[in-house]
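Let's look at how two chains meet, and at the space left between atoms. Have the sequence and the model open as you read.

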Amino acid sequence: MIITLNHYLLLAAMLFCIGLYAALAKKNAISILMGIELMLNACIINLVAFNRFMAPDMVVGHVFGIFVIALAAAEVAVGLALVLTVYRDLLSVNIDDFNWLKW
Amino acid sequence: MSVSTIVFWIIAAVVLGSAISVVTAQNLVHAALFMVLTFFGVSGLYVLLEADFLAVVQILIYVGAIAVLIVFGVMLTQRKGMEETNVSSSHKWVTGILVTILMVGFAYAVTRTPWQVSDHAAPESTVGLIGELMLTRFVIPFEIVGILLLVAVLGAIILTKGARRLP
């Protein structure tokens with residue numbers, strides 16, 4: 001049995017779905033950030049797998065993967081800063097308590 | 001079955017198992033550690049896909065920086081004990097069903113699409129090619145990512161410490 005592009009795509013899709021579940025159904029704001037990280041990882045797996053199987057002699061997929069990793073780092077830094085700021089005022093990281101913008 | 005096939009299945013099991021544990025672990029610190037395991041597994045996948053530089057970058061940035069940052073976040077925001085810190089909200093069943101439907105849709109789309117697979121060999125080492133592309137064809141996105149990282153760092157500092165006008 002040979003591992004094809006489909007195997008990698010399905011694995012990435014499953015990882016994405018698990019991350020989406022964590023991002024949508026978790027109460028803790030940090031769990032949500034972890035779910036987003038899992039989704040970004042699935043996205044990079046897709047980029048690299050497409051690069052390997054459809055155009056292996058160009059490394060454009062790798063370059064975009066590195067850009068996505070940089071975006072993930074920026075996202076988690078700002079996200080955690082937001083969570084910590086909100087935590088200082090509310091003393092909670094439960095997103096059900098984050099209702100300042102609700103009217 | 002070749003060695004790389006067996007390795008792929010082992011890594012796939014590790015990645016999916018630890019990703020599910022990220023969701024199901026009751027203790028948030030355990031979830032963060034399972035997330036580290038997921039990142040290691042994904043880096044193994046990059047090695048299988050012959051993306052050597054990306055595998056190293058994955059370990060350096062995801063395991064070395066992002067995971068540590070998230071563990072810091074966990075430690076700084078939990079007051080009481082760590083039990084039951086990773087609970088799901090009340091609409092978890094709806095979310096589960098939606099996610100399952102999405103997964104079925106993905107599987108249908110992936111298996112029905114005729115991918116045009118090329119049989120070229122992957123380059124021996126990707127580092128030089130990536131560096132060349134980044135500084136020629138993708139130099140503008142490269143600079144923009146640099147600016148974005150700078151803005152993100154400044155934004156994170158200002159969000160947590162607050163901005164003050166100099167006297």
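For sorting residues, Ala, Val, Leu, Ile, Met, Phe, Trp, Tyr, Cys and Pro count as nonpolar, Asp, Glu, Lys and Arg as charged, and the others, Gly among them, as polar. This is a predicted model, where local features need pLDDT of at least 70 and side-chain atom pairs count only at pLDDT 80 or more, while totals for chains, interfaces and linings use all residues. Residues are numbered from 1 along each chain as written, chains are lettered from A in the order written, and side-chain values use heavy atoms, leaving out hydrogens and water.

| Class | Residues lining the largest cavity |
|---|---|
| Nonpolar | 5 residues |
| Polar | 3 residues |

How far apart are the closest N and O atoms of B:Glu50 and A:Arg52? They sit 3.0 Å apart, in a salt bridge (a Lys or Arg side-chain nitrogen within 4 Å of an Asp or Glu carboxyl oxygen). Across the interface of chain A and chain B, the rule finds 1 salt bridge.

As for the contact itself (heavy atoms within 4.5 Å), chain A puts in 67 residues and chain B 79 residues.
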